[in-house]
Amino acid sequence: MALMMYTVNHRQNSIPLGKAAFYGCTRRSFIIISALLLLVLVTPLAFGQSAGEADLLTRSALTGDWGGARSWLADNGVSLDLRYTSFYQGLASGTGDKDFEYGGKIDAFINLNSNKMGLWEGGGFRSHLEYSHGDAPANLGGAIFAVNTALYWPTETPEELVATSLYFTQKVGDRSSIALGKFNPVDLLAADPFYGGWGIDRFMNLILAAPPSGLIPVVFMGAVANIRTKPVIWTVMAFDPNDRTNDYFPGDLFSDGVNISVSGAHNTTLAGRKTTYAATVLYSTAEGTDYSSLGGLNGTSTKSGSYNISFEFKHNLKESTKEPNATWGFYLKAAITDGNPNYVQRSLVVGIGGKALFFGRPQDSFGVGAYLYNLSDTLQDSLNPSYTNFQDEGAIEAFYSWAMTPWLQIGADIQYINPARGDYKNALVPSLRTQIRF
């Protein structure tokens, strides 16, 4: 669907690589971790809860209900979700530094409900604040797509607090809604059982977390409308073609063109299990580099107009009658583009994943996914062999995340990548991941 496609704007090796104790953790990283641990100890005590409460292993958040304050806020329209995810990853084989590094990510989700706040019905305000730190890079082994989605956002601003989502929502009637503002595309995939997850919950690789289309920026500003009809659910988006990660009130929106996306999803059943068919058409009027002009005697020129057409298929292989979210299934997404000025030519993403692979573990999640991105043939023809050895990129990723408690997830992830940089050997990237919900 259109929500899964955006422009790759990688920041390879842009995170500082200075060494320090504790797996390369910087002094600032140590201060952050210490502050979070202090919060864990102080918050329950401040609201009359002790760390030894009987519900410590069953509560949804480590700090509990704050003596009823968290529930009171939620009942009055304010929901707070704070997560800290740590990573220990490196390059086991391939081309590049073989050191394993530590990195961390803070994600804060603050949502407001206008109806519960006593204002008006159907309104809301959603925000996602992100802060990344540490020495673990988002890119490894010559891959042009980030191997660690969590550390990829916010782009170009490590160790800075950035609001990557900041938008207003409003229901229109019983079957439609509209959202306006600043969007992190991965946030729009939060409910998807296979994609999404911000790199902290499910797949870590950027393509398996939210397959890029070459046309949706890392963070965009615009409008998203959802319209439920029978039997198709429509999603229509209109947004600025430029990355707006560090912008909040820009005065140049749509000055370089506009991107329009229309997608339709049909939910049905196949062999008695939930199945979804979806198709998306995305078009951009913005100008991009004309790859056929690279290396020409007259300099580089631009070309306007680019598209991406995709088809998606989802089918549940296992469904639980006791746990509605404990499902897993098969997923496929294929797309074709113009290939110039879009850096993508064709793409294919397939996999199996979801929750509850094993009976009795409904909160555990797992996934095995693979992708092949045929990058622009025109771009490859212009770069090879005079400038570089540039080829298509493919990878396989597998992960399993153990729910030790509802607020503590411990996971392992491994990726095998055939990088687009053809002068690089195939890369093997293992990772450990821990997440705490406060």
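Residues are numbered from 1 along each chain as its sequence is written, and side-chain values use heavy atoms, with hydrogens and water left out. Because the model is predicted, local features need pLDDT of at least 70 and side-chain atom pairs count only at pLDDT 80 or more, while totals for chains, interfaces and linings use all residues.

**Exercise 1.** Describe the second largest pocket by its volume, its lining and the classes of its lining residues.

Solution. Begin with the term: a pocket is an open set of points on a 1 Å grid over the protein atoms alone, where a 1.4 Å probe fits, with protein on both sides within 12 Å along at least five of seven lines, and lining residues have an atom within 4 Å of a point. The volume, which is the space filled by probe spheres set on the points, is about 340 Å³ for the second largest pocket. Next, the lining consists of 17 residues, and G214, L215, A286, E287 and G288 lie nearest the centre. Strand β9 (residues 273-289) supplies five residues, the largest share of this lining; strands are DSSP runs of E with at least two residues, and helices are runs of H or I with at least four. Finally, the lining divides into six nonpolar, nine polar and two charged residues, where Gly counts as polar and Asp, Glu, Lys and Arg count as charged.

**Exercise 2.** Is T63 buried or exposed, and which backbone oxygen does its side chain reach?

Solution. First place T63 in the loop between α2 (27-46) and α3 (69-75). T63 is buried because its relative accessibility is 1%, the classes being buried under 20% relative accessible area, exposed over 50% and partly exposed in between, with a 1.4 Å probe and protein chains only. The side chain of T63 then reaches the backbone oxygen of F438 at 2.3 Å.

**Exercise 3.** Compare the phi values and the accessibility of W66 and F254.

Solution. W66, which lies in the loop between α2 and α3, has a positive phi near 55 degrees, and F254, in the loop between β7 and β8 (259-270), has a positive phi near 65 degrees. Most residues other than glycine have a negative phi. As to accessibility, W66 counts as buried at 15%, whereas F254 is partly exposed at 38%.

How values were computed. Polar contact = N/O pair within 3.5 Å; in protein donor to acceptor, adjacent residues only side chain to side chain.
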